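Please consider the structure shown below. The paragraphs that follow lead through its aromatic contacts and then its strand pairing.

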Amino acid sequence: MAKVIGSKLRTLHIMQYLMEKSDEDNKVTSGELKDMLKDMGISADRKSIYADISTLQEWGMDIIYSKENPPGYYVATREFELPELKLLVDAVQSSKFITHKKSQELIKKLEKLTSESQARQLQKSVFVANRIKTDNEQIFYNVDTIYEAINNDSQIEFIYHEWNVDKQLVPKRGGEPYVVSPWALTWDDENYYLIAYDGKAERTKHYRVDKMKKISFNGKAREGREIFDSFDMPCYAKQTFGMFGGEKTEVILECSNHLIGAILDRFGTNNIIVPLNDDKFSIRQEVNVSGQFYGWLVGLGPDVRLVHPPEIVQEFKNKINEINARYE
């Protein structure tokens with residue numbers, strides 16, 4: 001019986017060693033495997049090592065033997081290829097809502113999904129230290145609680161916070177709990193947001209997850225199902241500028257042709273573009289009118305013009321005049 005257990009452990013040690021040490025550029029010989037097993041206190045000859053590798057191949061591991069110099073075995077296919085891991089590492093390190101500590105922990109875990117040699121390539125691309133990061137480790141537990149509430153069809157209560165001039169997060173509304181029905185989570189501008197239905201206000205709202213504290217279920221069923229049964233997250237993201245809320249309004253913009261890229265990047269390619277002449281086009285689009293929307297228009301410069309509806313045009317003019325007056 002001990003012999004059978006020993007052979008199973010031997011196979012597992014070989015699998016782990018190949019996963020950690022081998023890739024296409026770093027092959028492992030049967031002699032190295034024999035030495036590794038000897039260090040583990042496990043005796044093995046070449047024949048048993050070949051048999052173990054054959055078992056792992058039959059099990060589904062893509063282990064290749066290459067005769068090219070230097071010859072040896074390597075794991076050819078993994079759950080994640082190196083370019084995919086680089087994308088995941090970049091996503092982790094660039095995310096503001098992930099703390100420095102958690103970023104390092106997640107990257108270390110991602111490194112274990114490839115060989116030690118390729119993990120060093122991942123380490124060379126890590127630049128976390130000077131990036132803007134949240135200090136709120138609680139966000140991971142917040143996300144978990146929100147998903148649990150969604151799965152259990154439950155409303156939630158929480159205390160929402162905002163920054164003050166002393167760079168402190170303080171409760172909004174004097175600490176009065178917010179009560180909403182959670183329906184989705186989204187990632188926008190490197191921040192996590194909860195998309196929820198506010199039954200009291202009878203409309204959809206969103207909240208920064210890292211500014212939510214003391215989240216709890218209130219035992220009541222979620223509201224707003226009729227809205228979220230047909231909710232279109234990409235459409236919501238197009239209409240909402242920088243996740244700043246505002247009244248949903250259909251606007252018409254007239255733009256110079258060279259701005260077509262900026263317009264399509266913002267609103268997508270499913271909109272109807274109407275040519276006005278050789279130099280300009282117009283587009284009709286629903287947006288949440290907010291200061292962020294007006295700021296986006298100003299950023300595009302004089303080659304874009306808001307032409308409809310008249311009350312929004314006038315409000316935009318007033319905003320520009322207010323800003324201009326501050327510099328006179």
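Tyr160 and Tyr207 are both buried. In this predicted model, the two belong to one aromatic cluster together with Phe158 and Tyr178. A search of the whole structure finds eleven aromatic pairs. In one of these, Phe158 and Tyr178 are stacked, with 5.6 Å from centre to centre and 15 degrees between the planes. Because Phe158 lies in strand 3 (residues 154–163) and Tyr178 in strand 5, this pair ties together parts that are 20 residues apart in sequence. Phe158 and Tyr178 are buried as well. The ring centres of Tyr160 and Tyr207 lie 5.4 Å apart and their planes stand at 85 degrees, so the pair is edge-to-face. Tyr160 lies in strand 3 and Tyr207 in strand 7, so the contact ties together parts that are 47 residues apart in sequence.

Charged side chains also meet aromatic rings. Arg173 lies over the face of Tyr178, at 3.7 Å from the ring centre, and Arg222 lies over the face of Trp183, at 3.6 Å from the ring centre.

Strand 6 (residues 191–198) has eight of its eight residues buried. Asn191, Tyr193, Ile195 and Tyr197 point one way from this strand, while Tyr192, Leu194, Ala196 and Asp198 point the other way. Strand 6 pairs with strand 5 (residues 178–188) in the antiparallel sense over seven bridges, and Pro182 stands opposite Ala196. Six bridges join strand 6 to strand 7 (residues 203–208), again antiparallel; here Thr204 is the bridge partner of Tyr197. The hairpin of strand 6 and strand 7 has four residues between the strands, and in it Glu202 takes a positive phi near 60 degrees.

Definitions and conventions:
Residues are numbered from 1 along each chain as its sequence is written. This is a predicted model: local features need pLDDT of at least 70, side-chain atom pairs count only at pLDDT 80 or more; totals for chains, interfaces and linings use all residues. Side-chain values use heavy atoms; hydrogens and water are left out. Buried means under 20% relative accessible area, exposed over 50%, partly exposed in between (1.4 Å probe, protein chains only). Helices (H or I, at least four residues) and strands (E, at least two) are DSSP runs, numbered from the N terminus. Two strands pair if DSSP finds at least two bridges between them. Rings of Phe, Tyr and Trp (its six-membered ring) pair if their centres lie within 6.5 Å; planes under 30 degrees apart count as stacked, over 60 as edge-to-face and the rest as tilted. A charge sits over a ring if NZ of Lys or CZ of Arg is within 6 Å of the ring centre and within 35 degrees of the ring normal.
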